[in-house]
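Here is a short report on one protein chain. Please look over the sequence and the model first.

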Amino acid sequence: MNLNPLLMLWSGLLLATVAVSVVRWNVGHKEDDHLHYMDTDAHLVAAQAATAQRLSVLDRWRRVLLAVTLLVGLGLAAAHLYKVWEQGAGLVN
C-alpha cells in the first residue's frame, strides 16, 4: 500500500490550516478592540461588525480544517503502523 498520495493530501490540509490560522491572526491583529457607541462612530461600528464577521468565518474554517487534518493524520499513522506490523510479522511477501 502506497501512502504517498495520502501524505500529500495531509500536507495540503496542514498547509491550508496554517494559512487560515495566519490570515486569522493577521485580521485579529488589526482589530479595533475599543467599544464605539456614539453616533459619530457609526463607521467604526460597521467596520468592527465586518471584522467580527470575518473572524467568525475564519474561526469556523480553522476548526473544521484542524479537525479534518487531525483525523487524516491519525488515519495515516494507523495505516503506517499497520503496514509496519504486517512487514514485521511476515504477512507481506
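## Fold and overall form

Helices and strands here are DSSP runs, numbered from the N terminus; a helix has at least four residues and a strand at least two. The model is predicted. By that definition, the protein chain has two helices and zero strands. Its radius of gyration is 22 Å, whereas the globule rule gives 12 Å for 93 residues, so the chain is more spread out than a compact globule.

The C-alpha trace tells of the extents. Along the principal axes, it spans about 75 × 15 × 15 Å.

## Burial and surface

How much of the chain is buried? Of the 93 residues, 17% count as buried. The cut-off for that label is a relative accessible area under 20%.

The protein chain exposes about 7,100 Å². Carbon and sulfur atoms supply 68% of that area.

## Contacts and charges

Take the contacts between residues at least 6 apart in sequence. Of these, 80% join residues at least 24 apart.

The protein chain carries 7 positive and 7 negative charges. Their mean positions lie 12 Å apart.

## A look at Leu70

Leu70 sits in helix H2, which covers residues 42–89. Is Leu70 buried or exposed? Leu70 is exposed, because its relative accessible area is 51% and the exposed class begins over 50%.

Leu70 can also be placed relative to Leu14. In sequence, 56 residues separate Leu70 and Leu14. In space, the two are 8.9 Å apart, C-alpha to C-alpha.

Key. Residues are numbered from 1 along each chain as its sequence is written. This is a predicted model: local features need pLDDT of at least 70, side-chain atom pairs count only at pLDDT 80 or more; totals for chains, interfaces and linings use all residues. Side-chain values use heavy atoms; hydrogens and water are left out. The radius of gyration is taken over C-alpha atoms; the globule rule is 2.2 Å times the number of residues to the power 0.38. Buried means under 20% relative accessible area, exposed over 50%, partly exposed in between (1.4 Å probe, protein chains only). Contact means heavy atoms within 4.5 Å. Accessible areas come from the Shrake-Rupley method with a 1.4 Å probe; for residues, only the protein chains shown count as cover. Lys and Arg count as positive and Asp and Glu as negative; His and the chain ends are not counted. The place of a charge is taken as NZ of Lys, CZ of Arg, CG of Asp or CD of Glu.
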